[in-house]
Structures are given as structure tokens and as C-alpha cells.
Amino acid sequence: MKPVTFLGDSLAAIRSFAQEARRTVGFQIARVQRGLDPDDWSPMKTVGPGVRELRVRDAAGAFRVIYVATLAEAVYVLHAFQKKTRKTSQRDIELASNRLKTLTGGRQ
């Protein structure tokens, strides 16, 4: 099972999610650690190659976790946030992209 590394404030953001969303995110990240796909995800090519967005919806709203699992050493959680609009904000995309660039030393 791959370890999980949370970059920036991503762990604190997940901890701020509603309880049921937090539980679901933990379960889905555990699936990713075992090499499985989460139940609901989409590719985030705008952030970088191999980056995915884990999607969780519950009574409290929509929550997103942007991660990359294609690197050998760990599953890296780049960014996590509660989604307020239909489209992911450019700020969230750029934040995840910058964290990926820092992680990979600019090579993607």
C-alpha cells in the first residue's frame, strides 16, 4: 500500500469537511493507496499528467480532492476544497498545479 503525502494545507482542508464527506474521502483515498480507482473521479489534465480529482457529494455539499498517484513513492494530495460553483475555480487549478510543479521539480 502506497503512503499518502498531503501537500500544503490539503490535510487541514479535508479535516474541515463535513463528517460524512471526510469519512468518504478517507475511504476513497485508501482505495487509491491500494491501486484502485475511487468511485467518482475525473482526470485533471489542466493541472498535470496523471492528476485526478476525487469527487464527493453529500448533504453538506460538494467536496473535491486533487491528487496524483502515478509517482512511485506515494499518493500525493495536492489540494482539497469544498466546491461552491459548478466549475472548478482557476485559483484551485493553479494552486494544485503549482504544488505539482514543486513536487516534481518542474518536470511533469
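Here are legends for a few views of a predicted model.

**View 1. The whole protein chain, element by element.** Count along the protein chain and you'll find 3 helices and 5 strands (DSSP runs numbered from the N terminus: H or I of at least four residues for helices, E of at least two for strands). Starting at the N terminus, their order is β-α-α-β-β-β-β-α. Residues are numbered from 1 along each chain as its sequence is written. Local features here need pLDDT of at least 70, side-chain atom pairs count only at pLDDT 80 or more, and totals for chains, interfaces and linings use all residues, while side-chain values use heavy atoms, with hydrogens and water left out.

**View 2. The box around the protein chain.** Taken along the principal axes, the C-alpha atoms fill a box of roughly 40 × 30 × 20 Å. Of the 108 residues, 44% count as buried (under 20% relative accessible area is buried, over 50% is exposed, and in between is partly exposed, using a 1.4 Å probe and protein chains only).

**View 3. Zooming in on Val56.** Val56 sits in strand β3, which covers residues 51–58. Is Val56 buried or exposed? Its relative accessibility is 4%, so Val56 counts as buried.

**View 4. Who touches Val56?** Skip the neighbours within four places in sequence, and Val56 is in contact with Ala21, Thr24, Val25, Gly61, Ala62, Phe63 and Arg64 (contact means heavy atoms within 4.5 Å). Trp41 is 15 residues from Val56 along the chain, and their C-alpha atoms are separated by 8.7 Å.
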